[in-house]
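Please consult the sequence and the structure shown here alongside the text.

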Amino acid sequence: MSNTPTKTIHLVSHTHWDREWYLPFEQFRYRLVGLLDRLLAHMEADPAYRFHLDGQTILLEDYLELRPEALGSLQRLAASGRLTIGPWYVLMDGFLVSAESFIRNMEEGHRVGSRIGPISKVGYMPDTFGHTAQMPQILAGLGLEYALIWRGLNGSPEEAPTEFEWEAPSGDRIKTIHLPYWYGYTSLMNWEADPQQAIERIERLVAQVGGHSRTGRVLLMNGFDHLEPQHDVARRIDAWNRSKPVPLEQTTLPAYAALVFGELAEPQVLRGEFRRTNHAKDGAINLILPNVLSSRVYLKQQNADAQRLLELAVEPLQAVSTLALGRSDPAFVRQAWRYVLQNHPHDSICGCSVDAVHDEMELRYAKAVQIGEQLCEETLQTLVREADGAWMAPGDTRVLVFNTLPHPREALAEFEIDCASTETVYRTVRIEERDGTVHYGEIIGDAPVCPISRYSGDYPLSRAAVRRMRVRARFRLPAFGYIVAAARPEEAPAQAALPLHAGAPYLDNGIVRIEIGSGGQIQWTDLKTGERTESLFSFEDSGDVGDGYVYSPPVRNRKAYTGAPVGVELLASGLGWSQLAVTHELAVPVSATADAKARSDETKPLRLRTVLTLLDGSRTLHLRTHVRNEMRDHRLRVLFPVRGKTAPVAAGAAFDCIARPDAAAQPSREAWIENEPTQHPFHRYLFAEAGERRLTVTAHGLHEYEWVGDVSDPSADGAIAVTLFRGVSHLAGSDRGMATKVRPGPGLETPGSQCLREMTFEYAVAWEPRDAATPPWQAANEAHMPALVATWAGAPTAGGRLAATASWIRLLEGGDAADVTAMRPLPDGDGMELRLVNVTEAEREAALELRFPAAEVWETALHGGKLRRVPVTEAADGAKQVRLRLQAKKIVTLSIAFS
């Protein structure tokens, strides 16, 4: 306990507003509007009353849409400092959204809030289910002065002080307030009206939480989820102050934070990720709720789709459009991001709300994707029509293939071409590039269509019905640029693709060989070293009587594992890639028993069809697993065995790569209310090292992994288990199983959370020599970011303003440490913002090549403020080069002005 006596008690009145959760948005908004109507009237009448509006400006937007006449009152109260707003747009989850989305969230929060008044400098995160390690660097870079957290940190005053400095892996720090782990943001909710009871409540709270304060300034939070503000707190405060020597006052979070850190000369420093569950006997509601990572995984996949589209396609193409075409569409980009961000509140993206909420989320994602795809179409169609095609033959279709990644790559791309002939049998598509290189594409679709042009430069219905073929081909692409090729269907097949190899089906590109072993396992053989992995992957199904928050197996659980495949198909070979389809079946119980204590005796086959794709010259095996789920109350995982692991599994995170311990200390039996998590979050990639080899697993829209094996012996055999989906029956009901004894929300049935639907999962795997392995972040981008394609059948002589190939940016050095996370137009100028982070623990050098007229380059903070000018050198061929020294774990943002 702190020996500092209590000096003052500080009360912050607030409401925590989950915008959608156990009711859908519009029903909660009806309550919000009434609450704010009454709050504003009270604050206008009581000039001493102060209120904290939950740290998210979307509430102001939701309110003003129906009460525009209240703008003036909000502006007056915010300007006076009595109404605290922002800084976020929404209170997001900390592990399921992308690193860049944190920045877009803060930017939108400031755009919305700035028309109301001053924005709070407190990074308010009162109910997030744990906190990512780099958040101090993010918040400090965005110009905030303080953070406020609750979940994920608990224990003694030494382990969980009220005031401390939170240090990111980069060394950046932010002054942080921790809410008491017993109560969090609810400590003084429903403060008693009776004066004596009100005084006794304060005395109990101060006795419990006061010892955690190093300054003797005790913070109490007067509010709860969707709770009406208590307008008559002044009377209770006065009753306390007339009878007690320690002053009690109503305040704001910025004022409280400034006070305590103004007095605390050397705050305690706490470091890294906060994701530890409750280990204290009296912390009944301080839960981590770890398996929101895998609830309603289809939402996570749609979120990943939308984020990938905006971050790796729309924004880079908008930068190119600004540079090469002199135009961009920032309002549309903002609107697409707003739809995505509106799905990022933790009860939304975590998948732990009622079905109506998640149905509405799918519509928002669809709208974001519609905008994003249209913006890509506009830029790509303009580029393909402006590119040089004079070298093509009449009748050729012009194909532009764009790589938005900052390094060269080989990629499969799909595109469509239209044919005049409806009778000719075409067997392949000949593709010729400007330098004379010829290769062939596979026709994967051929049907008559009514063509509708999405490009706004064409009238949508300007063409009659045509025969349209869908083509898949392999391209070598420059860094952050494009190539233009001429495509023509041909009657003769591509001879290099004949015949498909005979005998047992396998994949072999001269580097690795994938085949079915005698026992039915999927085997991986390194043809350079001869090393073999006997079982590359398999599937596991387990019971789950948990809920949207927690995986909770039944008391009498049983698991099923895949054996030999029931079907194998060779799909393609010889055109620069090969494909194999493998089908497995699991006998899965149809549901849990009625009492949720066991799994049903009745089973049905769960069929898993996985398409394996191997490109020539690559060690990465791409996997795409399709499943139609008709069973309830279960969890499906894919397992990647590892023999002789020599280090903990490392996982991608927000601006970070983090290695977590294999084992977790569980709470004592006396303190237990929830298991300490052994399933952990990841973004995009995982890897494990075994001697001189590395296993890299990448995934799109999957976020939960676990190391399963003998955790007492790191070198023993085990597996990385990645959750594909969980199907559960309730919003909250995990206290029926083995993981927790507490329900974190109302026990509502939510049929949609059973995920009774068709689902497809995209992931990739590679075993590589450790010292020559592809950086996992690069492997993830290459595996899951497709090349972008536009086609045009105009005259060869049309266009010509742009070259037939272009490359604007290339990461020359540092790719083994630097993850490039953003390339987008400058928000407030004619130029480009480029962001990268050194995710390793050592300082590194990086070099960027710029092949466009760059007037100047500045390193900036995340909020855009200039930090230092970066020297630019010019090579003999006119390319410019920027060299950077990247500190370990440091985010670097460059502002590049166009000449």
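Glu515 has a relative accessible area of 16% and is therefore buried, where buried means under 20% relative accessible area, exposed over 50%, and partly exposed in between (1.4 Å probe, protein chains only). The model is predicted: local features need pLDDT of at least 70, side-chain atom pairs count only at pLDDT 80 or more, and totals for chains, interfaces and linings use all residues. Residues are numbered from 1 along each chain as its sequence is written, and side-chain values use heavy atoms, with hydrogens and water left out.

**Salt bridges**

- Side chains of opposite charge can pair when their charged atoms come close.
- A search of the whole structure finds 84 salt bridges, each being a side-chain nitrogen of Lys or Arg within 4 Å of a carboxyl oxygen of Asp or Glu.
- Glu515 forms one of them with Arg513, and the closest N and O atoms are 3.3 Å apart. Arg513, with a relative accessible area of 22%, is partly exposed.
- In the salt bridge between Asp816 and Arg844, the closest N and O atoms are 2.6 Å apart. Asp816 lies in the loop between β38 (809-813) and β39 and Arg844 in strand β41 (residues 844-850), so the pair ties together parts that are 28 residues apart in sequence. Helices (H or I, at least four residues) and strands (E, at least two) are DSSP runs, numbered from the N terminus.
- Asp816 counts as partly exposed at 41% relative accessibility, and Arg844 counts as partly exposed at 27%.
- Lys244 forms a salt bridge with Glu203, with 2.6 Å between the closest N and O atoms. This pair links distant parts of the chain, 41 residues apart: Lys244 is in the loop between α7 (233-243) and β9 (248-250), and Glu203 is in helix α6 (residues 195-209).
- Lys244 is partly exposed, its relative accessible area being 28%; Glu203 counts as partly exposed at 34% relative accessibility.
- A network of salt bridges links Glu414, Glu416, Asp418, Glu442, Arg463, Arg468, Arg470 and Arg472.

**Aromatic rings**

- The structure holds 20 aromatic pairs. Rings of Phe, Tyr and Trp (its six-membered ring) pair if their centres lie within 6.5 Å; planes under 30 degrees apart count as stacked, over 60 as edge-to-face and the rest as tilted.
- The ring planes of Phe129 and Tyr549 stand at 70°, with centres 6.2 Å apart, so this pair is edge-to-face. The pair links distant parts of the chain, 420 residues apart: Phe129 is in the loop between β4 (122-125) and α5 (135-141), and Tyr549 is in the loop between β21 (538-543) and β22 (560-561).
- Phe129 counts as buried at 4% relative accessibility, and Tyr549 is buried with a relative accessible area of 1%.
- The rings of Phe164 and Phe274 are also edge-to-face, because their planes lie at 75°, with centres 6.1 Å apart. Phe164 belongs to strand β6 (residues 163-167) and Phe274 to the loop between β10 (268-271) and α9, so that the pair links distant parts of the chain, 110 residues apart.
- Phe164 is buried at a relative accessible area of 0%, and Phe274 counts as buried at 6% relative accessibility.
- Trp17, Trp21, Tyr22 and Phe28 are linked into a cluster by ring pairs.
- Arg19 lies over the face of Phe25, 3.9 Å from the ring centre. Such a placement requires NZ of Lys or CZ of Arg within 6 Å of the ring centre and within 35 degrees of the ring normal.
- Arg275 lies over the face of Phe95, at 5.8 Å from the ring centre.

**Cavities**

- The structure holds 11 cavities of 30 Å³ or more. On a 1 Å grid over the protein atoms alone, a cavity is a set of points where a 1.4 Å probe fits but cannot get out; lining residues have an atom within 4 Å of a point.
- The largest cavity contains about 530 Å³ of space. Its lining has 32 residues, of which Ser98, Glu311, His683, Arg684 and Asn781 are the closest to its centre.
- Helix α9 gives the largest share of the lining of the largest cavity, six residues.
- The second largest cavity has a volume of about 100 Å³. Of its 15 lining residues, Thr162, His178, Leu179, Pro180 and Val209 are the closest to its centre.

Terms used. On a 1 Å grid over the protein atoms alone, a cavity is a set of points where a 1.4 Å probe fits but cannot get out, and a pocket is an open set with protein on both sides within 12 Å along at least five of seven lines; lining residues have an atom within 4 Å of a point. Grid points are joined across faces, edges and corners, and a volume is the space filled by probe spheres set on the points.
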